[in-house]
Amino acid sequence: MECAVEGIIETQHVEALEILLHGLCGVPKERFRIHELCLKNGPNLGSVSSEVRLLCDLEQPVPTWTVRHVGGAMRGAVAEQISVAVRTMIDSKASKNVLRFFYALGYKLDHELLKVGFSFHFQKGAHLKVSVTSVNKLPKLHAVDEAIPVTLGIQLVEVTAPAAADNYNEVVAVVSSFSEYLAP
């Protein structure tokens, strides 16, 4: 499971946020450049649609691949009382031919993005990750060098932490509390 809060920030304020985060976290930032491919299943895989994301970390000397499945957010009376999304999320490392594998299973490319930004990873009651991301669309298939910002002048801010069924209440409290520092 994962607990997450998302928001946006105007690009002109990103530097100030970076300084704030460095002070709050006490760790150096990590830069990232992720090529994300969103795949959806074909009709031959059953009636329930499935979506996976393939993430290629372009910041590494040798690009690394991760398969990510993000489930729906928790629902019900409990979910309505918290300000944090709680959802299932599974990450698994993969080899460089993972795209070919999912195509062979009948998945089709829905869209692809280039996510560029920085993140802070630290421990404050839970293992928190705060990322600031410029989300870019690709005008041509796999053309990461030609990426165009989806929204000019706005970046995505995410605070996330892993959780389990037996501790998500504590993690929700930590994520919610930390997110309040970032509110305008």
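These entries cover the ring pairs, a helix and one methionine.

**Set-up.** I am working on a predicted model, where local features need pLDDT of at least 70, side-chain atom pairs count only at pLDDT 80 or more, and totals for chains, interfaces and linings use all residues. Numbering runs from 1 along each chain as its sequence is written, and side-chain values use heavy atoms, without hydrogens and water.

**Rings.** I paired rings of Phe, Tyr and Trp (its six-membered ring) with centres within 6.5 Å; planes under 30 degrees apart are stacked, over 60 edge-to-face, the rest tilted. I got five aromatic pairs by this rule. Phe101 and Phe102 are edge-to-face, because their centres are 5.5 Å apart and their planes at 80°. Phe122 and Phe178 make a tilted pair, at 5.2 Å between centres and 50° between planes. Phe122 is in strand S6 (residues 108-123) and Phe178 in helix H4, so this pair ties together parts 56 residues apart in sequence. I took helices (H or I, at least four residues) and strands (E, at least two) as DSSP runs, numbered from the N terminus.

**Burial.** I called a residue buried under 20% relative accessible area, exposed over 50%, and partly exposed in between (1.4 Å probe, protein chains only). Phe122 is buried at 4%. Phe178 is buried at 4%. In H4, the buried residues include Tyr168, Val171 and Val175.

**Met89.** I found Met89 in strand S5 (residues 85-94). Met89 is partly exposed, at 23%. Its C-alpha is 9.9 Å from that of Ala163, 74 residues apart in sequence.
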